[in-house]
Amino acid sequence: MIALIDCNNFYVSCERVFNPKLEGRPVVVLSNNDACVVARSNEVKALGVKMGTPLFQMRSLIEQHQIQVFSSNYALYGDLSRRVMETLGMFTPEVEVYSIDEAFLCLAGQSYETVSQVIRATVVQWTGIPVSVGVATTKTLAKIANHQAKQQGGVCVLREPEPVLAQLPVSEVWGIGRRLTQWLEAHGITTALHLQQADLTLIRQLLGIVGVRTVLELRGVSCLPLELCPQPRKSCCVSRGFGRPVESLAELKEAIACYGARAAAKLRRDGRVAQTMQVFITTSRFRPGEPQYTNSETLVLPYPASDTPTIVQTALRATQRLYRPGYQYHKAGVMLMELSPAGIAQGSLFVDEDRREMAWRLMDAVDSLNRRFGVGTVRWAAEGFQQGWRMRSEWRSPRFTTRWDELVVAR
């Protein structure tokens, strides 16, 4: 049997861990730049607020119901997610971390109801994060079981799925999106039970082999094994919307340099190097009355690299070519591609190996200082110091678990 552990309203739950006064009160967490809602407490869901609702459309509702608003605090959420996953690893070594707030576990040979309740109690005691546990014979059925668990006390062991599948719209099945739903409904497949009983030849024509696997999973045949070793990433992108429109080339270069430095640091953390890079800039499509401009440039690096000077200098040269005056830029980003392990990357006859060795030693020193004293302790001057373009984060709570100067104070 496979269990899916899903943290309830994860971002909201993280905010409540260090602020118990938020329990039972309506809470929302906003996306980057405080633009729209990405997490809602049950109290907010009861008010009819949908995921992705823009903040400006909620102003009156926030005042009327005293909704507590928070900016995204990814440092806090990431650390609490790590603690939850480590806690789950105490129950079984077979854990697949599926997302920041979800994980699949193998519970073979155990009393499923009992161990599920123990998992819930242990996770909330050790981390403060409430979770729901859905148990079934396959990953797809475990997803459905977890959905049921949220409605019936936090645990659901789905031994006979047919009654539940009969009530579940086909659009709610894991992997069935809007377009696939339209195709299926056009052929009379409107519920998950219809999909489970559908002819495999028809499903293969409509959805391909992925659809066939979904049907078999609904029938209890496991086609998606646990992935205990995460696949290495194939690309790394750092992109942000600006807190205010950016018009000058100097500020645009600051942002690109900052994003390039962050992307390079991520590569070094993962022991990877990049062969190609893409830099892109764009205006806001939500301001149709203003001049619009979007452009990007893809470059091949002289050698597979992850050192900040090479990444930043290459990105800044591309920014110089992409920039056009007279536009208000809303977003920019740096994407590093064609990643490979740093230890086996192809070298070049035209690169000074002594300089590369010095660059690696410099990066080791910089990363060591930033790990010890905090991210951004040592950075490149090209990133700027004022950074007036930084994204808005007006209601971010303290990073309670990752910053010494933001620790909780007990009085």
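The axes of helix α4 and helix α5 (residues 112–127) come within 10 Å of each other and cross at roughly 140°. That angle makes α4 oblique to α5. This is a predicted model. A search of the whole structure turns up 16 salt bridges. Helix α1 is largely enclosed by the rest of the structure, because seven of its eight residues are buried.

**Helix packing: α4 with α5**

- Two packed helices are described by the angle between their axes and the distance between the axes.
- The crossing of α4 and α5 is right-handed.
- On the α4 side, the contact is made by R83, V84, T87 and L88.
- On the α5 side, I119, T122, V123, W126 and T127 make the contact.
- By class, this contact of α4 with α5 has five nonpolar, three polar and one charged residues.

**Helix packing: α8 with α10**

- Helix α8 covers residues 178–186, and helix α10 covers residues 200–218.
- Their axes lie 11 Å apart, and the packing angle is about 160°.
- That makes α8 roughly antiparallel to α10, because angles over 145 degrees fall in that class.
- The crossing of α8 past α10 is right-handed.
- L180, W183 and L184 of α8 make the contact with I203, L206 and L207 of α10.
- The contact of α8 with α10 has six nonpolar residues, no polar residues and no charged residues.

**Salt bridges across the sequence**

- Side chains of opposite charge can pair when their charged atoms come close.
- K139 and E96 meet through their side chains in a salt bridge, at 2.5 Å from N to O.
- K139 belongs to helix α6 (residues 139–149) and E96 to strand β5 (residues 95–99), so this pair ties together parts that are 43 residues apart in sequence.
- Both K139 and E96 are buried.
- E102 forms a salt bridge with K143, and the closest N and O atoms are 2.8 Å apart.
- E102 sits in strand β6 (residues 102–106) and K143 in helix α6, so the pair links parts that are 41 residues apart in sequence.
- E102 counts as buried because its relative accessibility is 11%, under the 20% cut-off.
- D270 forms a salt bridge with R233, the closest N and O atoms being 3.3 Å apart.
- D270 lies in helix α11 (residues 249–270) and R233 in the loop between α10 and β9 (235–246), so the pair ties together parts that are 37 residues apart in sequence.
- Both ends of that pair are partly exposed: D270 has a relative accessible area of 33%, and R233 has one of 31%.
- Salt bridges that share partners join D79, R82, R83 and E86 into one network.

- Helix α1 runs over residues 10–17.
- Its buried residues are F10, Y11, V12, S13, C14, E15 and R16.

**Loop residues and backbone angles**

- Most residues other than glycine have a negative phi.
- D34 is not a glycine, yet its phi is positive, at about 55°.
- D34 lies in the loop between β2 and β3.
- D34 counts as buried because its relative accessibility is 5%.
- E338 also has a positive phi, near 50°, and is a residue other than glycine.
- The loop between β12 (329–337) and β13 (340–341) holds E338.
- P230 is found in the loop between α10 and β9.
- P230 counts as exposed because its relative accessibility is 74%, over the 50% cut-off.
- P230 and S71 are 159 residues apart in sequence, and their C-alpha atoms are 29 Å apart in space.

Conventions. Residues are numbered from 1 along each chain as its sequence is written. This is a predicted model: local features need pLDDT of at least 70, side-chain atom pairs count only at pLDDT 80 or more; totals for chains, interfaces and linings use all residues. Side-chain values use heavy atoms; hydrogens and water are left out. Axes are lines fitted to C-alpha atoms, for helices over the stretch in contact, and angles run from 0 to 180 degrees between N-to-C directions. Helices (H or I, at least four residues) and strands (E, at least two) are DSSP runs, numbered from the N terminus. Angles under 35 degrees count as roughly parallel, over 145 as roughly antiparallel, 65 to 115 as roughly perpendicular and the rest as oblique. A crossing is left-handed if the near helix is turned anticlockwise from the far one by less than a right angle, and right-handed if clockwise. Contact means heavy atoms within 4.5 Å. Ala, Val, Leu, Ile, Met, Phe, Trp, Tyr, Cys and Pro count as nonpolar, Asp, Glu, Lys and Arg as charged, and the others, Gly among them, as polar. A salt bridge is a side-chain nitrogen of Lys or Arg within 4 Å of a carboxyl oxygen of Asp or Glu. Buried means under 20% relative accessible area, exposed over 50%, partly exposed in between (1.4 Å probe, protein chains only).
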